[in-house]
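Good morning, and thank you for coming. Please look at the sequence and the model on the screen while I speak.

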Amino acid sequence: MIPRRWLSVLALLVALAGGGALIFWRLTDKSLFLDEAFSLSLARLPAPQLLQAAAHRDVHPPLFYLFARAAFVWLHWPDPEYRWLTAPFGLLTIAATWGIVRRSFGDVAAAFAALFAASTPALVDFDRIFRMYAPLAAAATGSWWLLCAASQARGARAKIAWAAYVLSAIALPYIQYLGWFVVFSQALYALTRRPMLRPALLGAAAAVVAFVPWAWALRLQYAAGGRVAMGRGVGFDLLGVVRGALTDNGLPLAWLHGGWLDVAFIVAAAAILAGAVWLGRTTVLPFWLLPIALQLIASFAAGKNLLVPRYFVYLLPAFAASFGVVTAGLLRTPARLAAAAIAAGWLFVNCASLANVLLVPAYQTPDWYAVDLLLAEKERPDDVFVFDQGMSLLVMRGYATVRGHRAYAIDDPRQLPDVERWLERFSGRRVWYVENQAFNVDPDSTVLKSLHDSRPQLGAWLQPHEAAEDVVYLALFGSRRR
């Protein structure tokens, strides 16, 4: 009979192979996601200008953009190829999840945790995007693994592990500000473990000191961060955030009618978390999960919406660990059939969501290549473009159908009066109106209404998606009416 230890290692290898296949499958086929295009636009700037642009135009810290800048300078790859640099972080996340759970809960729990982490749709999807989410998840999970390993190591190994932990604590807030929740939780955990108290607090103190040079930028970014209002509608957001975070909104829409599935996800996730916290009450797990509560509290206390599903991606490995702990715990009781049913049911949900996220265009981000093909058939050399939500222009500005044309990108509602004046300069030309996520900058469709009032519409095209933020609408307008 194969020892349980080797079965756990085999499960890790299966998780790495399966997770890697999902992450790297046709990795560069998709057109750029808006946030990827923004990251690469900053990467093209010299480092001093990059830091200023990040401080004034974004709400994230600069480490990922500096990483992107270094990659851009050294590699000169086509834009989608840069995903090869962040995708491997997903494998580190799987391995670190397995390592933490195995150290505290044993081989069976570690096997289930690794398999769940490898098949979680949101982790897979954000590993496939050149953005800071995959590095953040890997750094957060890896820092917990280093903290646990360092506390049990001796001699030179302990010194190396502690040094690596301190570096990870410094890096976390510079990758994304959510990293502060991890550093804070680790400091609290160290207070309950006297042998690791001083080194762990040293890591937290080093993170604070290292962050001082960027504090001026955080003050500038704070007002724009978490801009979505907390108040009316927050109940709906809270209802769907658990399902969104776990499934990446990949479940078929036919399953979602009535909102009962959102409630079921909340109840099931709460039961798994409660069971895991109880079973692991003397371990690292409650502190690993603590940022979930901290984000919820911070959202209401600061009036910032940190309850966006993608802001929980870095905590999904902790949920995978909880799933593994509860499943393994039930397998040791007469309820082992229930454990098998829970594991099979949740993995089925993961697979159903992954199938849509990876294979069905309607569940994916906009296909700007398809927009380019449409424009190639119908655009003329003297056409002008208006991008309602200007980050779309960052994606398409290198396309032959847009390159060389006059284009206006709307990035702020205060630009709306300027758009009218800009369009008047081209009263004799045709205008392409390209809309994606216009609700962020033009919630009343001011530009589209103005074009309808002043110009004849020559055509309209819609690229439908299940998520409203991924829908693309194009309209072609003729010369301005006299």
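This is a predicted model: local features need pLDDT of at least 70, side-chain atom pairs count only at pLDDT 80 or more; totals for chains, interfaces and linings use all residues.

**Cavities, a surface patch and salt bridges**

I begin inside the protein: the largest share of the lining of the second largest cavity, three residues, comes from helix α22. Residues are numbered from 1 along each chain as its sequence is written, and side-chain values use heavy atoms, with hydrogens and water left out.

A cavity here is a set of points, on a 1 Å grid over the protein atoms alone, where a 1.4 Å probe fits but cannot get out, and its lining residues have an atom within 4 Å of a point. Grid points are joined across faces, edges and corners, and a volume is the space filled by probe spheres set on the points. Helices are DSSP runs (H or I, at least four residues), numbered from the N terminus.

The second largest cavity has a volume of about 40 Å³. Glu420, Leu423, Ser450, Leu451, Ser454, Arg455 and Arg480 line this cavity. Helices α21 (416-424) and α22 (446-454) each supply at least two of its lining residues. By type, the lining divides into two nonpolar, two polar and three charged residues. In this count, Ala, Val, Leu, Ile, Met, Phe, Trp, Tyr, Cys and Pro are nonpolar, Asp, Glu, Lys and Arg are charged, and the others, Gly among them, are polar.

How many cavities of 30 Å³ or more does a search of the whole structure find? There are two. The largest cavity has a volume of about 60 Å³, and its lining includes Gly19, Ile23, Thr93 and Asp127. That lining holds six nonpolar residues, three polar and one charged. Helices α1 (4-24), α6 (89-105), α7 (107-119) and α8 (121-127) each contribute at least two residues to it.

Let us turn to the surface. Val73, Trp74, Leu75, Trp77 and Trp84 form a nonpolar patch there, with about 530 Å² of accessible area together. Such a patch is made of residues with over 30% relative accessible area and no salt bridge, nonpolar side chains (Val, Leu, Ile, Met, Phe, Trp, Tyr) being joined within 5 Å. Areas come from the Shrake-Rupley method with a 1.4 Å probe, and for residues only the protein chains shown count as cover. Helix α4 (residues 63-75) gives the most to the patch, with three residues. Trp74 lies in helix α4 and counts as exposed because its relative accessibility is 73%, where exposed means over 50%, buried under 20% and partly exposed in between.

Finally, I come to charge pairs. Side chains of opposite charge can pair when their charged atoms come close. A salt bridge is a side-chain nitrogen of Lys or Arg within 4 Å of a carboxyl oxygen of Asp or Glu, and the whole structure has nine.

One of them joins the side chains of Arg131 and Asp35 (3.9 Å, N to O). This pair links distant parts of the chain, 96 residues apart: Arg131 is in the loop between α8 and α9 (133-152), and Asp35 is in helix α2 (residues 34-43). Arg131 is buried, at 3% relative accessible area, and Asp35 is buried as well, at 15%.

Another salt bridge joins Arg421 and Asp418 (2.2 Å, N to O). These two are three residues apart in helix α21, so about one helical turn separates them.

Notes: Patches are made of residues with over 30% relative accessible area and no salt bridge: like charges are joined within 9 Å, nonpolar side chains (Val, Leu, Ile, Met, Phe, Trp, Tyr) within 5 Å. Buried means under 20% relative accessible area, exposed over 50%, partly exposed in between (1.4 Å probe, protein chains only). On a 1 Å grid over the protein atoms alone, a cavity is a set of points where a 1.4 Å probe fits but cannot get out, and a pocket is an open set with protein on both sides within 12 Å along at least five of seven lines; lining residues have an atom within 4 Å of a point.
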